[in-house]
Amino acid sequence: VNAGDLQGALAIIQEGIEKASHGRQELYRNEIAVYEQLLDFSKAKVKMEEYLASYPEDEEAAREYIFIKSRSR
């Protein structure tokens with residue numbers, strides 16, 4: 001997967017987040033995953049913090065956040 005494909009995917013995901021009436025949680029997780037694949041861990045960290053504020057019960061995301069924090073310095 002090249003960066004152009006990931007940027008295109010990111011644009012589609014972000015459009016979906018804006019327009020979705022349901023299913024946003026999965027879209028947010030996908031957005032974070034794309035930032036990780038782009039190696040933009042700073043942006044992934046910010047997005048994960050926003051995600052966890054909205055979905056604090058997601059234990060898997062909380063574990064992933066530890067990983068992201070270790071990569072974004």
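Contact here means heavy atoms within 4.5 Å. Helices (H or I, at least four residues) and strands (E, at least two) are DSSP runs, numbered from the N terminus. Buried means under 20% relative accessible area, exposed over 50%, and partly exposed in between, with a 1.4 Å probe and protein chains only.

This is a predicted model: local features need pLDDT of at least 70, side-chain atom pairs count only at pLDDT 80 or more, and totals for chains, interfaces and linings use all residues. Residues are numbered from 1 along each chain as its sequence is written, and side-chain values use heavy atoms, with hydrogens and water left out.

**The chain as a whole**

The chain has four helices and zero strands. Its pattern along the sequence reads α-α-α-α. For 73 residues, a compact globule would have a radius of gyration near 11 Å; the chain has 12 Å, which agrees. That radius is taken over C-alpha atoms, and the globule rule is 2.2 Å times the number of residues to the power 0.38. Along the principal axes, the C-alpha atoms fill a box of roughly 30 × 25 × 15 Å.

Of the 73 residues, 32% are buried. The chain exposes about 4,900 Å², and carbon and sulfur atoms supply 50% of it. Areas come from the Shrake-Rupley method with a 1.4 Å probe; for residues, only the protein chains shown count as cover. Take the contacts between residues at least 6 apart in sequence: 43% of them join residues at least 24 apart.

The chain carries 10 positive and 14 negative charges, and their mean positions are 5 Å apart. Lys and Arg count as positive, Asp and Glu as negative; His and the chain ends are not counted. Each charge is placed at NZ of Lys, CZ of Arg, CG of Asp or CD of Glu.

**Helix H2 and its end**

H2 covers residues 24–37, which is 14 residues. From first C-alpha to last it reaches 20 Å, close to the 20 Å expected at 1.5 Å a residue. The expected span is 1.5 Å times one less than the number of residues. Its buried residues are Leu27, Glu31, Ile32, Val34, Tyr35 and Glu36.

Just after H2 comes Leu39, with a positive phi of about 65°. Leu39 is not a glycine. It sits in the loop between H2 and H3. Leu39 counts as exposed because its relative accessibility is 63%.

Ile17 lies in helix H1. It counts as buried, at 11% relative accessibility. Leaving aside neighbours within four places in sequence, Ile17 is in contact with Arg24, Leu27, Tyr28 and Glu31. Of these, Leu27 and Glu31 are among the buried residues of H2.

Ala61 belongs to helix H4. It is buried as well, at 0% relative accessibility.

| Pair | Apart in sequence | Apart in space, C-alpha to C-alpha |
|---|---|---|
| Ile17 and Leu27 | 10 residues | 6.3 Å |
| Leu39 and Glu18 | 21 residues | 24 Å |
| Ala61 and Ile13 | 48 residues | 18 Å |
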